[in-house]
Amino acid sequence: MWLPIIGLLVGIGLGSTLAIPIPGIYAKYLSVALLAALDSVFGGLRSIIEDKFDGTVLLTGFFSNALLAALLAYLGDRLGVDLYLAAVFVFGVRLFQNLAIIRREMLANWMQKRQLSALEGKKGG
Amino acid sequence: MDNVKKWRTPVLIVFVLLGFLISVQFHTQQIFRSDLSLQSTDDLTLIVKGLQDKRANLEKELQDLEQQQQSLNSDTANGATLQSNLTKESSQLQIALGLIPVKGPGITVAIPPDSNIVYLDLVDIVNELWASQAEAISINDQRITPWTTIYWNREKMTITVNGDDVTFPCTIKAIGNPDTLESGLQLVGGVLDNLAIYKIYPVVHRSTELTLPAAAPPVFHYLQVVPATQQ
């Protein structure tokens, strides 16, 4: 359970120690990529909770979503279309959807457990 | 949830990368938040106003400093004038005190050897020359200054000027208007008339250019200047 948090901290530490300078024009694309990555991560958490987890899907989704989002934003900038906004919108909406589903699933699991324990308690008494 | 091993590795990888991305993006944003093109108009207005104030202050400072420089320059000029005035005054005082050699028109009074002359006669001649507006006098290349002594040495029976024996023929040089000086000496009943009584006949010559030597500067051991407030 602690492994993801440790991994996150290691990543943050790595990023701040390396402190890679990103040119200003690419910062926007990086932010879109970060949003896509966040979406993938929450999708992954959701799939774990729903017992539908697949490591390959998560990894490919993580990389392809991030890269494609950045690429599309770049392309949009080149073509004069704000695809950047589309990416922000889509990944933002999905992020919140995933978060909502995770919340509901966790709530459902918790309620189920409580009902079960209550039932066992009645049986025992 | 039951198969932890299945999701552990991918999730770890994904989270490490996510953390990395987050921190990089955070740093980038920290850097570019200070970028002017990303600032809001209000902030930019404030920045511009601050810079304008700063600039006004700096301009004022520059003006002050320029003024200061100007006043310092004029001070320097004043100082230079003062210095040249002081130098002039100092050289005039040195001339007056006989501390530097001087030259100019005047007369020479040659007292022939074997003259029956006493030191008071020399004093009389010098006094007469001063009275005839002489500007500088010397006796045998001894400049006459305020601290000059003209006396006689009892043991050697010689006349001394500034402690040095006067050798004869003795030449007294005086710078001034030659006419005035000569007429002063040759007044009826004057110095030369008095000397003639003792059969002393000094020879007076006019010169267009006489050179008088400098005297040694005086040495003070006891005197002190009275401070201006007590005068």
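Which strands of chain B form an open sheet, and in what order? Before selecting them, note that this is a predicted model, in which local features need pLDDT of at least 70, side-chain atom pairs count only at pLDDT 80 or more, and totals for chains, interfaces and linings use all residues. Residues are numbered from 1 along each chain as its sequence is written, while chains are lettered from A and ligands numbered from 1 in the order in which they are written.

**The sheet in chain B**

The open sheet has 3 strands in the order 4-5-6, with antiparallel pairing, where two strands pair if DSSP finds at least two bridges between them. Its edge strands are strand 4 and strand 6 (164-165) of chain B, each of which pairs on one side only. Helix 3 of chain B packs on this sheet and touches strand 4 and strand 5 of chain B, its direction making about 170 degrees with that of strand 4 of chain B; such axes are lines fitted to C-alpha atoms, for helices over the stretch in contact, and the angles run from 0 to 180 degrees between N-to-C directions.

Next, select residues 150-153 and 158-161 of chain B, which are strand 4 and strand 5, antiparallel and joined by 4 bridges. Here Trp152(B) has Ile159(B) as its bridge partner. The two strands form a hairpin with 4 residues between them, and Met157(B) in the turn has a positive phi of about 55 degrees. From strand 5 of chain B, 2 bridges lead on to strand 6 of chain B, where Asp164(B) is the bridge partner of Val161(B).

**Helix 4 of chain B**

Now select residues 178-185 of chain B, helix 4, whose buried residues are Leu181(B), Gly184(B) and Leu185(B). A residue is buried if 20 or more other C-beta atoms, placed from the backbone, lie within 10 Å of its own, exposed if 12 or fewer, and partly exposed in between. Seen down the axis of helix 4 of chain B, these buried residues fall within an arc of 95 degrees, so they line one face of the helix; the arc is that of the directions from the helix axis to the C-beta atoms. The face turned away from the buried side carries the exposed residues Asp179(B) and Ser183(B). Among the elements of chain B against which the buried residues of helix 4 pack are strand 1 (102-111), helix 5 (191-197) and strand 8 (203-212).

**Chain A and the cores**

Turn to chain A, which has 4 helices and 0 strands, helices (H or I, at least four residues) and strands (E, at least two) being DSSP runs numbered from the N terminus. The contact between the chains takes 25 residues from chain B and 31 residues from chain A, two residues being in contact if their C-beta atoms, placed from the backbone, lie within 7 Å.

Select Val32(A), Ala33(A), Ala37(A), Ala69(A) and Leu18(B), which have the most contacts inside the largest nonpolar core, a group of 32 residues. Such a core is a set of buried Ala, Val, Leu, Ile, Met, Phe, Trp, Tyr and Cys residues joined through C-beta atoms within 7 Å. Its largest share, 11 residues, comes from helix 2 of chain A. Leaving aside its neighbours within four places in sequence, Ala37(A) is in contact with residues including Phe62(A), Leu17(B) and Leu21(B). Apart from this core lies another, of 26 residues, among them Leu129(B), Ile172(B), Ile175(B) and Leu210(B).
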